[in-house]
Amino acid sequence: MVLETEAAVKKEAGVDKKSDEEYRQQLTELEYVVLREGGTERPFTGEFVEHFESGMYACKACGAELFSSDSKFDHGCGWPAFTEPVGKKTIQYVRDSSHGMERIEVRCAACESHLGHVFNDGPMPLQTRYCINSVALDFSDGESA
Ligand code: FE
C-alpha cells in the first residue's frame, strides 16, 4: 500500500486551493484575469515570448512546475509555446467551445488556474503545441530543466 501525505491527498482531491481573496492579493490584475478568469494576454506582449534561457516554468498562481525550457520553441504566434508539460499529471484539459472555436483549454492540475490552450500544429514528433500566457508563468533558471 502506498501512503500519501494528507497534503498530497488534498491536492489530488482539488481542495488545496486558495481563496479568491488570496488570489486577488497575490496576483496583478492581468494575472488574475488570465489565471482565474480564463483571459488571454495580448500577443507579443508577454515577457517569455522571446525568452529561451535554460530553466523551469512554474504556475504563477501556485508554484507547481509545468514546463521545462527544453520543450520551449518559437512558434511565432506571440505567446510562449511548448511541446509538452513536465509530467503527465501536471495539466488539466478542458474542452473549450467559446469564441466560435473548438479548442482544448489547459489548466494547472494543482490549482486549476487557466494557462492557455493546446493545439496539434506543433513540431514533430509530438506535434502538440501548448500555447501559454506569459503572465501565467514564473521562470527560474537552472540546470535542472
Ligand atoms: Fe497552479
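**Exercise 1.** Is Gly 116 buried or exposed, judged by the other C-beta atoms within 10 Å? Locate the residue in the predicted model and describe its surroundings.

*Solution.* 
Step 1. Gly 116 belongs to strand β7, which spans residues 114–119.
Step 2. Within 10 Å of Gly 116 there are 25 other C-beta atoms. A residue is buried when 20 or more are found within that distance. Gly 116 is therefore buried.
Step 3. Apart from neighbours within four places in sequence, the residues in contact with Gly 116 are Trp 79, Val 106, Tyr 130, Cys 131, Ile 132, Asn 133 and Ala 136.
Step 4. One of these contacts, Tyr 130, stands 14 residues from Gly 116 along the chain, and the two C-alpha atoms are separated by 7.3 Å.

**Exercise 2.** Determine the geometry of the peptide bond from Met 124 to Pro 125, and state where Pro 125 is placed.

*Solution.* 
Step 1. Most peptide bonds are trans.
Step 2. The bond from Met 124 to Pro 125 is cis, its omega being near 0 degrees.
Step 3. Pro 125 is located in the loop between β7 and β8 (129–132). Gln 127 also lies in the loop between β7 and β8.

**Exercise 3.** What is the strand order of the open sheet of three strands, and why is one side of β2 and of β9 left without a neighbour in the sheet?

*Solution.* 
Step 1. The order is β2-β1-β9, and the pairing is antiparallel.
Step 2. β2 (65–68) and β9 (137–141) are the edge strands; each has a single partner strand, so one side of each lacks a neighbour in the sheet.
Step 3. From one strand to the next, the twist averages 30 degrees.
Step 4. Three bridges join β1 and β2 in the antiparallel sense. Met 56 has Ser 68 of β2 as its bridge partner.

Note on methods: Residues numbered from 1 in each chain as written. Predicted model: local features only at pLDDT ≥ 70, side-chain atom pairs only at ≥ 80, totals over all residues. Helix = DSSP H or I, 4+ residues; strand = E, 2+ residues; numbered from the N terminus. Buried ≥ 20, exposed ≤ 12 C-beta atoms within 10 Å, placed from the backbone. Contact = placed C-beta atoms within 7 Å. Pairing = 2+ DSSP bridges. Axes fitted to C-alpha atoms, helices over the stretch in contact; angles between N-to-C directions.
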